[in-house]
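Hi everyone, thanks for making the time this morning. I'd like to walk you through one model, and please have it up on your screens while I talk.

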Amino acid sequence: MTDSIQEQLPKIVARLRILGQDLCDVEVKSSVEKLPKSMPETLSAFANGSGGILILGLDERDGFGVASGFRSTQIREALAGTCADRLSPPLRPAIEIIEFEGAQVVAAEIEPLMPSDKPCFVKERGMYQGSYIRTGDGDRRLSHYEIDRLVEEHRQPRWDEEVVEEASFSDLDPSLVAAVVARQQRLRPQLFGTGEAESVLQGLYALRQDNLGTLRPTLAGLLTLGTYPQYFFPRLNVTFASYPSDSKSAILGGTERLLDSKSLVGPIPSLVQEATSLVLRNARIGGHMEGVFRTEVPEYPLLAVREAITNALMHRDYSHLARGTQVQVNLFTDHLEVLNPGGLYGTVTVAKLGSRGLSSARNQRLATLLEEVPYPEGGIVAENRGTGYLLIEAQLAEAGMTPPEADDDISSFSLIFRRFGQQSGPVVPRRAVPSQQAIEAFLASKRVASTGDLVQATGLSRSAVGQHLRSLMDAGKVETTHPTKSRFQQYRWLG
């Protein structure tokens, strides 16, 4: 426990008193005589999620005032014992007794576990009954599907390498196969220069032998090069819907109809192209003047939309339990949403999105294949260089739009583009102030600021702010005020 918790405690409690309830990342218990029975669940939930703070010795029923008769030393030892003995893997948080409003409370910061160590579960209930996650101000038991996804993080998933037993080489699109083979023979002549199509596709894991030695498409090969992959996997498709309001509620209530709706099928290159075209067709077209000429501008930057859809198809969960869930592209009056099953994978988190060069491929064979498949009009479907999110941010900034909003949990990931200004008039792109320049100017004026302060001041995403802060620290212009993993980290301007 660092002194920063003690420094922040009055602010945290003040916020709790205003809201009148616990927060998603703060749990308060009076714990006068003993720890509550739900304490192992809360510890598990914090460790499996984004971490959190425990404050023991405050009474929520009394406006978060100090609890009468609270025994700080006894409760501290009980909490340490619960962390060490009742959870697997055990937790080792720093637990401190803090003076607060003339009394003592016990506070502990529970750090999130590394992906390779999750899930943290209550021992006596076992992994599938004793693993929890934080939702709102409470703890929810993880589903079997969510636990399987956490366990999957311990090793490289191989769902995309599976042989599709019912499929054959004839189920692949000849034009896509020819394009990929020609590209490989041109770029890697020593490996594939004289090879037949079958051997080239085997080298890319698009084809593999089944148990009887017959060459068949893998899941990655079928999704990327197949003529009609949905014959074998009907829900590995994309659905598009254009809504007449800013949410699905009007449709669910039966008062309005969809403006457009379509279920898209085909290989991934076709899915990306058609879904992008549907967004372009259904979104409004704005414009701006260049001299005496008016230039039409799509409501959402075309490259950003295509990149978001490509990422959703490339990084989605393809495990057996997720093959009944499609990628969704939903267009609302004020935003565009791209939603896929399966959360972020590996070392990538929402905070790290946009970090240059950072990429963790859940589906490494599929990602590699999509690097080799060209669109009919030219260009490769995916670069897989960790720059996709940077491209999205840059395209939105160029259009004068706010950064994308990422929402990640274990079972799903969504990316939202807010319509420029959320206005009803024409979309008029404007060039944003250079990101790092905006951060430097704010820090120079305030001297010290948190990531949240910079996000609010500049309109950039947390990942973009983090990237620029690292550059400024490398240049010796900025230093941190707390240890690296502190939840209360701030950045001091050195100039």
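Let's start with strand E17, residues 327-331: 5 of its 5 residues are buried, so the strand is largely enclosed by the rest of the structure. By buried I mean under 20% relative accessible area, with exposed being over 50% and partly exposed in between, using a 1.4 Å probe and protein chains only. Helices, labelled H or I with at least four residues, and strands, labelled E with at least two, are DSSP runs numbered from the N terminus.

Before going further, please keep in mind that this is a predicted model: local features need pLDDT of at least 70, side-chain atom pairs count only at pLDDT 80 or more, and totals for chains, interfaces and linings use all residues. Residues are numbered from 1 along each chain as its sequence is written, and side-chain values use heavy atoms, with hydrogens and water left out.

Back to E17. Which way do its side chains point? Val-327, Val-329 and Leu-331 point one way, while Gln-328 and Asn-330 point the other way, and all are buried.

Now for the neighbours, where two strands pair if DSSP finds at least two bridges between them. Strand E13, residues 238-242, runs parallel to E17 over 5 bridges. The link from E17 to E18 is a hairpin of 3 residues.

On to the cysteines, which I know some of you care about. A disulfide is a covalent bond between the sulfur atoms of two cysteines. The rule used here asks for a pair of cysteine sulfur atoms within 2.5 Å, and by that rule the count is 0 disulfides.

Next, some backbone geometry. Most residues other than glycine have a negative phi, and most peptide bonds are trans. Here are some exceptions to look up in your viewer. Ser-88 and Pro-89 are joined by a cis peptide bond with omega about -10°, and Pro-89 sits in the loop between strand E5 (87-88) and strand E6 (95-100). Lys-118 to Pro-119 is also cis, with omega near 5°; Pro-119 belongs to the loop between strand E7 (103-110) and strand E8 (121-122).

As for phi, Glu-101 has a positive value of about 50° although it is not a glycine. You will find Glu-101 in the loop between E6 and E7, partly exposed at 48% relative accessible area. Tyr-205 has a positive phi too, near 65°. Tyr-205 lies between helix H7 (197-203) and strand E11 (207-209), in the loop, and counts as partly exposed at 21% relative accessibility.

One last stop is Val-265, in the loop between strand E14 (260-264) and helix H10 (268-282). How exposed is Val-265? At 38% relative accessibility, Val-265 is partly exposed.

That's my tour, so please send any questions my way.
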